[in-house]
Amino acid sequence: MTPRSAAVVLLFLIGAAAGIAVLGANPPPSKPIASVAPAPSPSTWPDYSLNGPGFVAPAGPQGELVALGYKLVTETFSTIGPEAPDPAKRFAGNNLSCQNCHLDAGTSRTGLTLVGSVRKYPWISSDGKHEVTLRDRLNECMTHSMNGKPLPLESQEMDAFVAYLKFIGDPPAQHTPAMPHPPVLANAARGAEVYARICAACHQPDGLGKRIGSANDGRGYRFPPLWGPDSFNATAGMNYVSIAAQFVWRNMPRGVDPRHPQLDLQQAWDVAAFLHAQPRPPGPAAR
Ligand code: HEC
Ligand code: HEC
C-alpha cells in the first residue's frame, strides 16, 4: 500500500468513526456521503480566477459532490442564502458568497486562500479542551461572515464543501507574508477619505454594495456590501482591523496585482479602521 492510499484508508476510517459518533447523538443523515474516498486533487496550485483555466469537476463518483461544493462557494447566495428557492436551505443570513472573501473560489494565493486548509484540521483549541474540525471552522464562517446558522455537520451541503476543499487542498499551503504595521496608528477619519476616493466607486458611497439584479432575485452582488444589514457581522474575522487591512492591501481594488498594491500601507490600515467603525449586524452571542 502506498503512503497515499494508506492515508486515504485512514481518512476513511476516521470519517467512519466520526460518522458513528455523530449518528449516536443525532437523527441519521439524509445522505451518508462521508465514507466516500476523496477525489484526486490537482497536484499543482488550482487557478479558478477570471483569467485562469477554470474549475473542472473531477471524474468519478465524487465529481458531482465536488462540483456542488464549487457552486456553494461561488453562488452561496442562491444555494444556501436568504433568497435560496427552498426555505429549508436558507442557512446563510446575507447574500454574500464565500468567494467574495475567499477570492477565486478559494484559490487566490493572497485573498484568504482555502488551498491547503484541509491540512490544518482538526486542531486542538488554544485552551487544549476541544478539537476543532474543518466542519466546525467552516460553520464559524456561516455564523459570523455569512451572519447565518451553522450547517448541519452531516448534510449534503457540508459534505460538498468538504469534498471541494479536499479537492483544491492537495498542493502544500503557502503563507501570506505578514502584514507590516502602519507608519502611524490607523485612523478611521482618514480612512473615510480613502473610502470615498477609491472604494465607493464599486462598493457604493453608502457601503451597501451593488446587486447584479434587484433585491430578492437570488442573484447576489456585483460589488458586495462592506457594512449594513446584508454584510458580515461584528464578530467576523473581516471585522478585525488587521485582517481587513491585510485583505484590502493586497486585493483591493479588485483586480490589483497583489505584488504591487495600489494602496499604501497607511491607506490600507486607515480604510480598515473606517470599515470597522461602520454599523453591521451583531454577532450570534448578541442576537
Ligand atoms: C466576509 C468575509 C468572509 C466570507 C464571506 C467567508 N469567509 Fe471564511 N474566512 C474569512 C476569514 C477572515 C477567515 C480567517 C482567516 C484567518 O484566520 O486569518 C476565514 C476562514 C475560513 C476557513 C478556515 C481556513 C483555514 O485555512 O484555516 C474556512 C474553511 C472558511 N473560512 C470557509 C468559508 C466558507 C465555506 C464560506 C462561505 C460559506 C466563507 N468562509 C465565507 C472570511 C470570510
Ligand atoms: C473595481 C471595483 C472595486 C473597488 C474599487 C474596490 N473593491 Fe472591494 N471588492 C470588489 C469585488 C468585486 C469584491 C468581491 C470579490 C469577488 O467576489 O471576486 C470585493 C470584495 C471586498 C471585500 C470582501 C467582501 C465583503 O463584502 O466584505 C472587502 C472587505 C473589500 N472589497 C474592501 C474594499 C475596500 C476597502 C476598497 C477600497 C480601498 C475596495 N474594496 C475597492 C470590487 C472592488
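**Exercise 1. How are helix 5 and helix 6 oriented to each other: roughly parallel or roughly perpendicular?**

Solution. This is a predicted model, where local features need pLDDT of at least 70, side-chain atom pairs count only at pLDDT 80 or more, and totals for chains, interfaces and linings use all residues. Residues are numbered from 1 along each chain as its sequence is written, and chains are lettered from A and ligands numbered from 1 in the order in which they are written.

Step 1. Find the helices. Helix 5 covers residues 134-143 and helix 6 covers residues 156-168. Helices (H or I, at least four residues) and strands (E, at least two) are DSSP runs, numbered from the N terminus.

Step 2. Take the angle. The two helices pack at about 110°, and their axes are 11 Å apart. Axes are lines fitted to C-alpha atoms, for helices over the stretch in contact, and angles run from 0 to 180 degrees between N-to-C directions.

Step 3. Classify. Angles under 35 degrees count as roughly parallel, over 145 as roughly antiparallel, 65 to 115 as roughly perpendicular and the rest as oblique. Helix 5 and helix 6 are therefore roughly perpendicular.

**Exercise 2. Which residues of helix 5 and helix 6 meet?**

Step 1. List both sides. Helix 5 brings Leu-134, Arg-135 and Leu-138. Helix 6 brings Met-158, Phe-161, Val-162 and Leu-165.

Step 2. Sort by class. The contact has six nonpolar, no polar and one charged residues. Here Ala, Val, Leu, Ile, Met, Phe, Trp, Tyr, Cys and Pro count as nonpolar, Asp, Glu, Lys and Arg as charged, and the others, Gly among them, as polar.

**Exercise 3. Describe the shell around ligand 1.**

Solution. Step 1. Count residues with a C-beta atom, placed from the backbone, within 6 Å of the molecule. Ligand 1 has 22 around it; Cys-98, Cys-101, Ser-117, Cys-141 and Gly-237 come nearest.

Step 1. Look for the main supplier. Helix 5 gives the most, four residues.

Step 2. Sort by class: 14 are nonpolar, six polar and two charged.

**Exercise 4. Which helix supplies the largest share of the shell around ligand 2?**

Solution. Step 1. Ligand 2 has 25 residues around it, and Cys-199, Cys-202, Pro-224, Pro-253 and Arg-254 come nearest.

Step 1. Helix 7 (188-203) and helix 8 (241-251) each supply at least two. The largest share, six residues, comes from helix 7.

Technical notes. Contact = placed C-beta atoms within 7 Å.
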